[in-house]
Amino acid sequence: MPRWTPGHLLLVIATACAPSDRGAASTEDTPNVVNIVARGLTFEAPDSIPSGWTTFRFANESEMIHFAILERLPEGITIKEQQEAVAPVFQEGLRLLSAGQVDAALSAFGTLPEWFGNIVFSGGPGLTSPGYTSQTTVRLTPGRYLIECYVKTAGVFHSYNPDPAAYGMVRELIVTDMVSDLAEPSATVRVTLSAARGIEVAGDPVVGQQTIAVYFEDQIVHENFVGHDLHLARLTDSTDLDGLAKWMDWSQPNGLQTPAPVEFLGGADDMAAGNTEYFTVTLEPGRYAWISEVTNPDQKGMLKPFTVGMGGN
Ligand SMILES: [Cu+2]
């Protein structure tokens, strides 16, 4: 849990009491508790926030599953360049992959601008099902960020808009030099993510509010061109874990396509090695799984089912 000062507490109460359908850019936002609302294929969020530890509350008020990854853009690059030079390349690459033209797809990805490799993936709220609000705390350095969701609907990335005059599900966020006074949260459960050992969990998630520290021991580019991350899925008796594992890979025809096969409660989007972010969730008794949005997570130790009992521990 974050170590709130009384001032923070008042602001959080004010936030909690605000109607959930109000715009996220209204005065309910505090400098370090930032509301992002997904509505349709758009993000509502403030234009600028302080740097330092920041808690994002991500309310998905749309009918589709979304996430909200934060990407620090290279100097001089804006949402315009990203939308003109990156989003169409991924959409074309996906089209070619879907047509079985793997070599052509790789050639298409080869046309990504050089600066694409300098984007710093900086974590953020993970997969969040319609009607859910998830909470993720990250430490941000100053800069120009993109909030992005690249879930697919009918084979089209949310972050890509076929209308060249319009943007997809992306939003620019300026992180200023002013530093927030939010303290680093303290964790009830610790997860270490690594390419070598997958998802390793220390501590048992129990009923009630849990704050999971997610430490990125390393980071690699997986077969689907993204780094590993952590999402929380609620399982049912009929959940097909193999199907869920396949769904996590956007490069598969129905992969990462809304609707998801299970409900997702949020998580921690990918970030560079050596960093930690925090995912806060209130758990009820039931079956869950930690899972990464990568190709074949089940073969990489990145699909970990677990049970939360009635009485906790
Ligand atoms: Cu989306």
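Two strands pair if DSSP finds at least two bridges between them. Helices (H or I, at least four residues) and strands (E, at least two) are DSSP runs, numbered from the N terminus. In strand S7, for example, Glu148 is the bridge partner of Ile69. This is a predicted model, in which local features need pLDDT of at least 70 and side-chain atom pairs count only at pLDDT 80 or more, while totals for chains, interfaces and linings use all residues. Residues are numbered from 1 along each chain as its sequence is written. The protein chain has five helices and 18 strands.

**Confidence and overall make-up**

- The average pLDDT of the protein chain is 90, and 89% of the residues score at least 70; pLDDT is the predictor's confidence in each residue, from 0 to 100.
- Residues 1–29 have a pLDDT below 50, and this stretch has 37 contacts in the model beyond near neighbours in sequence.
- Where pLDDT is low, the predicted coordinates should not be read in detail.
- Of the 313 residues of the protein chain, 42% count as buried. A residue is buried if 20 or more other C-beta atoms lie within 10 Å of its own, exposed if 12 or fewer, and partly exposed in between, with C-beta atoms placed from the backbone.
- Two residues are in contact if their C-beta atoms, placed from the backbone, lie within 7 Å. Among contacts in the protein chain between residues at least 6 apart in sequence, 70% join residues at least 24 apart.

- Strands of a sheet pair through backbone hydrogen bonds, either parallel or antiparallel.
- S4 pairs with strand S7 (residues 143–148) in the antiparallel sense, over four bridges. Leu70 has Ile147 as its bridge partner in S7.
- S4 also pairs with strand S5 (residues 120–121), in the antiparallel sense and over two bridges. There, Phe121 of S5 is the bridge partner of Glu71.
- S7 in turn pairs with strand S10 (residues 170–179), in the antiparallel sense over six bridges. The bridge partner of Ile147 in S10 is Arg171.

**A four-stranded sheet**

- Four strands form an open sheet in the order S15-S14-S17-S18, with antiparallel pairing.
- Its edge strands, S15 (263–268) and S18 (303–308), each pair on one side only.
- From one strand to the next, the twist averages 25°. Axes here are lines fitted to C-alpha atoms, for helices over the stretch in contact, and angles run from 0 to 180 degrees between N-to-C directions.
- Strand S17 (residues 286–291) and S18 pair over six bridges in the antiparallel sense. Arg287 stands opposite Thr307 in S18.

**Helix H3**

- Helix H3 (residues 87–98) has 12 residues, which at 1.5 Å a residue should span 16 Å; its end C-alpha atoms are 17 Å apart, which agrees. The expected span of a helix is 1.5 Å times one less than its number of residues.
- Ala87, Gln91, Gly93, Leu94 and Leu97 are buried in H3. These residues lie on the same side of H3, because they cover an arc of only 160° around the axis. The arc is that of the directions from the helix axis to the C-beta atoms.
- The buried residues of H3 pack against helix H2 (79–85), helix H4 (102–109) and strand S9 (156–157).
- After H3 comes Gly100, with a positive phi near 80°.

**Two residues and their surroundings**

- Ala245 is found in helix H5 (residues 241–247). Ala245 counts as buried because it has 22 C-beta neighbours inside 10 Å.
- Not counting residues up to four places away in sequence, Ala245 touches Asn296, Pro297, Asp298 and Leu303. Ala245 and Gly255 are 10 residues apart along the chain, and their C-alpha atoms are separated by 9.2 Å.
- Ser51 lies in strand S3 (residues 48–60). Ser51 counts as partly exposed because it has 16 C-beta neighbours inside 10 Å.
- Ser51 and Leu140 are 89 residues apart in sequence, yet 5.2 Å apart in space, C-alpha to C-alpha. Not counting residues up to four places away in sequence, Ser51 touches residues including Leu140, Thr141, Pro142 and Val175.
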